[in-house]
Amino acid sequence: MKIAILSRNKKLYSTRRLVEACEQRGHEPMVIDVLRSYMNVASSNPEVHFKGDTLPNFDAIIPRIGASVTFYGTAVLRQFEMMGAYPLNESVAISRSRDKLRSLQLLSRRGIGMPNTGFAHDPDDIPDLIKMAGGAPLVIKLLEGTQGIGVVLAETKKAAESVIEAFMGLKANIMVQEYIKEAGGSDIRCFVVGDKVVAAIKRQAQPGEFRSNLHRGGSASLVKISPQERATAVKAANIMGLNVAGVDLLRSERGPLVMEVNSSPGLEGIETATGKDVAGMIIGFIEKNAKPHRTRTRGKG
Ligand code: ADP
Ligand code: MG
């Protein structure tokens, strides 16, 4: 199969591993920087151009679209979808997952457990908003933050009020969330491919830090997850419409709580900690599922 990997950098671990897995399985991979792709969106014959050339028709597309290029990246992916290529994750599902609030609303509607979370616009509503999230200590998050940047722990009501006020003053969209203390600075990353959790790791924050992101110095280790955690992760990915997802869970006294569902989960931490060939499993999933025009997005937008 001809497989395009939408990635800005060929040298990234995840990109390299996907290229390798394609080659090992006899496919033809091509890495495409979405920001160097362009297209005539009004043409009845959809194509994508790349650095002066017309790209061939691909059988499948593996989107690895960074948070900062979601808007342009999903537009390019949509164009490939219109050309009939099979997207590993669909453009609509990626856009949906990039908005934390929208994601939590979708998940809660279907009964997925999550930390109590509030959202408000007006500073006058801050006291009630804090109550809604269960009072201090609580976590304040930028809606479109990533890699732990824009996630703040406010230990007291006073601190929470000032941080929320400051964010609101900057016109930033935030949500206010119950702090799950018993998680002890750790979370569980479940790597979902299709209807299975193919690998799971526990990420532990550095001492003195509550955010377990590997980008914030967290460390990863192999973990055995419970059937309930497994089922929750698969259901969450499914609700988001993602075939491949990194579902992050907090272990709380009331069971697994979903914190976020990531549509371009990194491979380095999970493959290194588990020794599993996750890239190979992703390509295996494409081999089983890729068919021309097999996308729900086609013609919908
Ligand atoms: P990002 O998208 O920036 O990774 P997250 O929502 O995943 O933002 O939060 C970053 C980290 O902060 C999580 O991995 C987790 O360790 C910690 N964290 C986030 N929300 C909570 C919470 N409600 N309770 C306890 N820890 C949390
Ligand atoms: Mg996270």
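Visitor: Let's start with Lys51. Where does Lys51 lie?
Guide: Lys51 sits in the loop between strand S4 (49-50) and strand S5 (53-54). Keep in mind that this is a predicted model.

Visitor: What is phi of Lys51 near?
Guide: It is near 45 degrees. That is a positive value, in a residue other than glycine.

Visitor: And Lys171, is its phi positive or negative?
Guide: Positive, at about 60 degrees, although Lys171 is not a glycine. Lys171 is in the loop between helix H6 (157-169) and strand S11 (174-178).

Visitor: Backbone again. What kind of peptide bond joins Ala136 and Pro137?
Guide: A cis bond, with omega about -5 degrees.

Visitor: Which loop is Pro137 in?
Guide: The one between helix H5 (126-132) and strand S9 (138-142).

Visitor: Now helices. At what angle do H2 and H3 pack?
Guide: About 160 degrees, for H2 (residues 70-82) against H3 (residues 91-98). Their axes are 9 Å apart.

Visitor: Parallel or antiparallel, then?
Guide: H2 is roughly antiparallel to H3, because angles over 145 degrees count that way. The crossing of H2 and H3 is left-handed.

Visitor: Which residues of H2 and H3 meet?
Guide: From H2, they are Thr70, Thr74, Leu77, Arg78 and Glu81. From H3, they are Ser91, Ile94, Ser95 and Arg98. By class, the contact of H2 with H3 has two nonpolar, four polar and three charged residues.

Visitor: Next pair. How far apart are the axes of H4 and H7?
Guide: The axes of H4 and H7 are 10 Å apart. H4 (residues 100-109) packs on H7 (residues 227-240) at about 115 degrees. The crossing of H4 and H7 is right-handed.

Visitor: What does H4 bring to H7?
Guide: H4 brings Ser103, Leu106 and Leu107. They meet Ala236, Ile239 and Met240 of H7. In the contact of H4 with H7, five residues are nonpolar, one is polar and none is charged.

Visitor: And H1 with H9, at what angle do the axes cross?
Guide: Roughly 55 degrees, and the axes come within 8 Å. H1 spans residues 13-24 and H9 spans residues 278-289. H1 and H9 are therefore oblique to each other.

Visitor: Is the crossing of H1 and H9 left-handed or right-handed?
Guide: H1 and H9 cross in a right-handed way. On the H1 side, Arg17, Leu18, Ala21 and Cys22 make the contact. On the H9 side, it is Ala279, Gly280, Ile282 and Ile283.

Visitor: How does that H1 and H9 contact divide by class?
Guide: Six residues are nonpolar, one is polar and one is charged.

Visitor: Zooming out, which domains does the assignment give?
Guide: Domain 1 is 2-96, domain 2 is 117-179 and domain 3 is 182-286, according to the domain assignment.

Visitor: How far apart are the centres of domain 2 and domain 3?
Guide: Their C-alpha centres lie 25 Å apart. Ten residues from domain 2 and seven residues from domain 3 take part in the contact.

Visitor: What area is buried between domain 2 and domain 3?
Guide: About 760 Å², with carbon and sulfur atoms giving 48% of that area.

Visitor: On the domain 2 side, which three residues supply more than any other three?
Guide: Gln147, Gly148 and Glu178. They supply 49% of the area that domain 2 buries against domain 3.

Technical notes: Residues numbered from 1 in each chain as written. Chains lettered and ligands numbered in written order. Predicted model: local features only at pLDDT ≥ 70, side-chain atom pairs only at ≥ 80, totals over all residues. Heavy atoms only, no water. Axes fitted to C-alpha atoms, helices over the stretch in contact; angles between N-to-C directions. Helix = DSSP H or I, 4+ residues; strand = E, 2+ residues; numbered from the N terminus. Parallel < 35°, antiparallel > 145°, perpendicular 65-115°, else oblique. Left-handed = near helix turned anticlockwise from the far one by under 90°. Contact = heavy atoms within 4.5 Å. Nonpolar A, V, L, I, M, F, W, Y, C, P; charged D, E, K, R; others polar. Domains from an automatic or database assignment. Buried area = accessible area lost by both parts, 1.4 Å probe.
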